[in-house]
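Hello,

Here is the structure I promised to pass on. Please open it first, and then read my notes below.

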Amino acid sequence: MLKYMKMKKPVDLSKFTPLDRKTLYAKIVFWVFLIILSLEIIILSTIYYLFYNETTTALWEQAAVLVAIGCIISTVVTIAIIAVLHWYILLHIDSNHYRSEETHQVLLDLFRAMENDEMEMYYQPQIDLKTMEIIGMEALVRWIHPTRGIILPADFIPLAEQSGLIITLGQWTLEEACKQNKYWIDHGIDLKLAVNLSPLQFKSDIVHTVRDVLDQTQLPPDRLELEITETAFIHNIDDAIEVMHQLQQMGICVSMDDFGTGYSSLANLDRFPIQKLKIDKAFVHKISPYDEEPNLADSIIKMGHSLKLKILAEGVETEYQKNYFQALGCDEAQGYFFGEPMPANKFYKFIKKNTKQATKTK
Ligand code: C2E
Ligand code: CA
């Protein structure tokens, strides 16, 4: 079972659902409208009773009619204001509440999921483009929801990052993947394991965490690679460089993920103690026999190699893309063309089946 961070007990939102809120607003609007209408009827009746009889002078009569017209106009204006308010509340305020409540609910579900062991690590093969052998794997987390099925990281990692829950989740993914890789190494499958680190994880005491996990799982440090994105060090580059140095000194490989999507990549690249660049799949997907536009991937590979970095192309889906990167001298590749992310038992079978000659025939 996962240990989770101590957080303030969340408000029980189930007692106050968006539907209740809408009903409440509707009731308030209805009663305000009714009270105003009743007041105006009372005013009109009083005017009629007091002034509209045989003794009424023409002047009083005119005054009474004017007041009555005033009441009618104010009723119409009141109805219009209430209608606009009602529309605004339902459309704007309530939908914002609805969104935040939905977010809160996902967060509660995530806590519950971590307690109930609903998280599972999937593994995607990484290929050496020269030998066409499987040389590593990337660990990718999945949420196996009891009713919604498999939930992809895009639907919960950003929320876990915003809430701080990623520290606990990230520690679990690291432990789980390292434990799994150690098991495979002990059973004759010697691959390098790449684990994603979120920006928040990287800024927390990551060096200690990684050291503890390696001690605990007994995974050799050179069998671990940590993938970080530029957002992890955009605010404090010097501290980030220091952390990367410490990880490297431990024997861990540090790679830069989603390369090409950030801002300062090229300017600062030579300052970062990294060993690998992972070209973002956005560049890879553009490569097709029909695309004549010059692709940045070529320049990234040349520049990366000039800095003595290994280059991995992410999201390779077609043979054409594989051949393209092979021709450019790209070192490694990962993508659906070679294998999708899969659970540990399936990955084990995949590795057993796709030994040297199987991958070579691709
Ligand atoms: P990422 O690090 O860029 O991971 C690669 C993503 O591309 C994965 O999505 C993978 O399934 C997908 N992918 C791989 N090959 C192909 C392909 O050929 N075509 C296409 N279209 N996609 C491909 P996934 O598993 O949904 O993960 C999304 C992101 O969530 C990851 O992006 C990573 O940033 C984050 N993530 C996943 N697992 C973890 C984790 O354990 N910890 C942290 N901190 N982040 C994680
Ligand atoms: Ca990654």
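**Notes on the model**

Just after helix α6, Q218 takes a positive phi of about 65°. Please bear in mind that this is a predicted model.

α6 covers residues 206-217, twelve in total, and its first and last C-alpha atoms are 16 Å apart, close to the 16 Å expected at 1.5 Å a residue. I206, V210 and L214 of α6 are buried. Viewed down the axis of α6, the buried residues fall within an arc of 65°, so they line one face of the helix. An α-helix has 3.6 residues a turn, so residues three or four places apart point the same way. The cover over the buried residues of α6 includes α4, α5 and α7, while H208, D215 and Q216 are exposed on the other side.

Next, the cores. The largest nonpolar core has 57 residues, and A139, V195, I279, A313 and A333 touch the most other members. β2 supplies the largest share of this core, five residues. A second, separate core of ten residues includes F156, A160, L165 and I167.

Finally, the ligand. Ligand 1 is surrounded by 22 residues, of which L140, P153, T173, G335 and Y336 are the closest. The elements giving two or more residues to this shell are β2 (134-145), α4 (166-186) and β6 (253-259). By type, the shell divides into ten nonpolar, eight polar and four charged residues.

Enjoy exploring it!

Best wishes

Key: Residues are numbered from 1 along each chain as its sequence is written. Chains are lettered from A and ligands numbered from 1 in the order in which they are written. This is a predicted model: local features need pLDDT of at least 70, side-chain atom pairs count only at pLDDT 80 or more; totals for chains, interfaces and linings use all residues. A residue is near a molecule or strand if its C-beta atom, placed from the backbone, lies within 6 Å of it. Helices (H or I, at least four residues) and strands (E, at least two) are DSSP runs, numbered from the N terminus. Ala, Val, Leu, Ile, Met, Phe, Trp, Tyr, Cys and Pro count as nonpolar, Asp, Glu, Lys and Arg as charged, and the others, Gly among them, as polar. A nonpolar core is a set of buried Ala, Val, Leu, Ile, Met, Phe, Trp, Tyr and Cys residues joined through C-beta atoms within 7 Å. A residue is buried if 20 or more other C-beta atoms lie within 10 Å of its own, exposed if 12 or fewer, and partly exposed in between; C-beta atoms are placed from the backbone. The expected span of a helix is 1.5 Å times one less than its number of residues. The arc is that of the directions from the helix axis to the C-beta atoms. Two residues are in contact if their C-beta atoms, placed from the backbone, lie within 7 Å.
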